[in-house]
Amino acid sequence: MDSLITAAAHALAAGDLLGALKRVALREDPPALALRGIIMAQLGDFGRAKALLKGAARAFGPREAVARARCVVAEAEIALVSRDLSWPAKSLNTARNTLEAHGDHVNAAHARHLEVRRLLLIGRLDDAERSLAVLDTTLLPSASRAAHALVVAGIAIRRLDMKAARTAFAQAAAAAHQADIPALTTEVENAHLILDAPTARLIARGDERPLLLEDVEELLASRAFVVDACRYIAREPGKTIPLATRPVLFALVRALAEAWPEDVTRSTLIARAFGGKHADESHRARLRVEVGRLRAELGALADVRATPRGFLLEPCRASDVVVLAPLIEGQHGDVLALLADGEAWSSSALAIALGASPRTVQRALEQLATTGRVQSFGRGRALRWMTPPVLGFPTILLLPGPLPSD
């Protein structure tokens, strides 16, 4: 490799994008094309970056398998950042195997980190942990160790293990400081902010207060009966009752939990569960049927007892009843939670991440767009969605993936 390419690579590794670009801007050989592609990606021009990397991969000779594999890894990173989750994961896996076979452990580790970040986005936390566990971080440079620690922190946050998350963030900060790359240091600092930001609301006994992630972790480990309006479940430690597909039952149990230890009138329950403004006998009959179904769903966790005014929730073992609610109420919180990362998503990528049909996600985006909560740009296959620059947005608790005791 000639001196200019080497100097450009060193500048790129140190975060000096313009210094690296200055050395390869006018060159058309494969290494220069690859470096320019990576530089353009870091500058945000993903379309130009992909074209340059594809051109470099084609131009490398048959004996330059490592160089082609590095181009594939760079393409995969662009796909991840631009939220192209349909990008073929097998290509990345093949490239990673090639890099490992040729002793390029740093870029192989980077490829694995990209794989784990994709798994994290779509909520496959167990698969992400298994993939991450095989990495030996002692062989990695400081920048790669920082990236590794950030991925570990992301998994810990999604599992609401705040002790592990804080430890990982401290390791990421130390590695980023050692790497002395300002952009990496800023990324670590921004990611760490999530630990000190309100992430949900606690509604109990008529009062309401915001919760940090550590507060949520403590709440879910307590003996309380929790009605989780972020995941649409009712839970105690060791037992979870999913109600996402039973919206009427969830509306009933949430109304009962918010009023606990008081009862809730029949007219209020009818309004909350059915949207009825005036309760007639048909509404009351339907309410009795749905309350019976709710009793059956709650099983040994709680009972729903009739009172002269309405109904009362009675936990069987729990000492308290609370509601864990998102910071912002409304439909399609899971879509907003994904868009809250500030990246531009396609509807197909959102569908992959949420495990929903593309049409379902498209309808959700159209509804959110009518209220100004999301905005789109581009056309056709290039259409992307993101949140407006200033917006209160739902938090990580609405993202796909299991929480403790699920």
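Colleague: What makes cysteine 230 count as buried?

Modeller: In this predicted model, cysteine 230 has a relative accessibility of 7%, and since buried means under 20% relative accessible area, cysteine 230 counts as buried.

Colleague: Is cysteine 71 buried or exposed, and how do you know?

Modeller: The relative accessible area of cysteine 71 is 2%, which is set against the limit of under 20% for buried, and cysteine 71 is therefore buried.

Colleague: How many disulfides does the rule give?

Modeller: A disulfide requires a pair of cysteine sulfur atoms within 2.5 Å, and by this rule the count comes to zero.

Colleague: Why is glutamate 189 called partly exposed?

Modeller: Glutamate 189, which lies in helix α11 (residues 182–192), has a relative accessible area of 48%; buried means under 20% and exposed over 50%, with partly exposed in between, so glutamate 189 is partly exposed. Its C-alpha atom is separated by 10 Å from that of alanine 170, a residue 19 residues apart from glutamate 189 along the chain.

Colleague: Why are α13 and α15 called roughly perpendicular to each other?

Modeller: The axes of helix α13 (residues 247–259) and helix α15 (residues 281–298) come within 10 Å and cross at roughly 85°, and because angles of 65 to 115 degrees count as roughly perpendicular, that is the term for α13 and α15.

Colleague: Which residues of α13 meet α15, and how does the contact divide by residue type?

Modeller: Val248, Leu249, Leu252, Val253 and Leu256 in α13 meet residues of α15 that include Arg286, Leu287, Glu290 and Leu294, and the residues of this contact divide into nine nonpolar, four charged and no polar.

Technical notes. Residues numbered from 1 in each chain as written. Predicted model: local features only at pLDDT ≥ 70, side-chain atom pairs only at ≥ 80, totals over all residues. Heavy atoms only, no water. Axes fitted to C-alpha atoms, helices over the stretch in contact; angles between N-to-C directions. Helix = DSSP H or I, 4+ residues; strand = E, 2+ residues; numbered from the N terminus. Parallel < 35°, antiparallel > 145°, perpendicular 65-115°, else oblique. Contact = heavy atoms within 4.5 Å. Nonpolar A, V, L, I, M, F, W, Y, C, P; charged D, E, K, R; others polar. Buried < 20%, exposed > 50% of the residue type's maximum accessible area, 1.4 Å probe, protein only.
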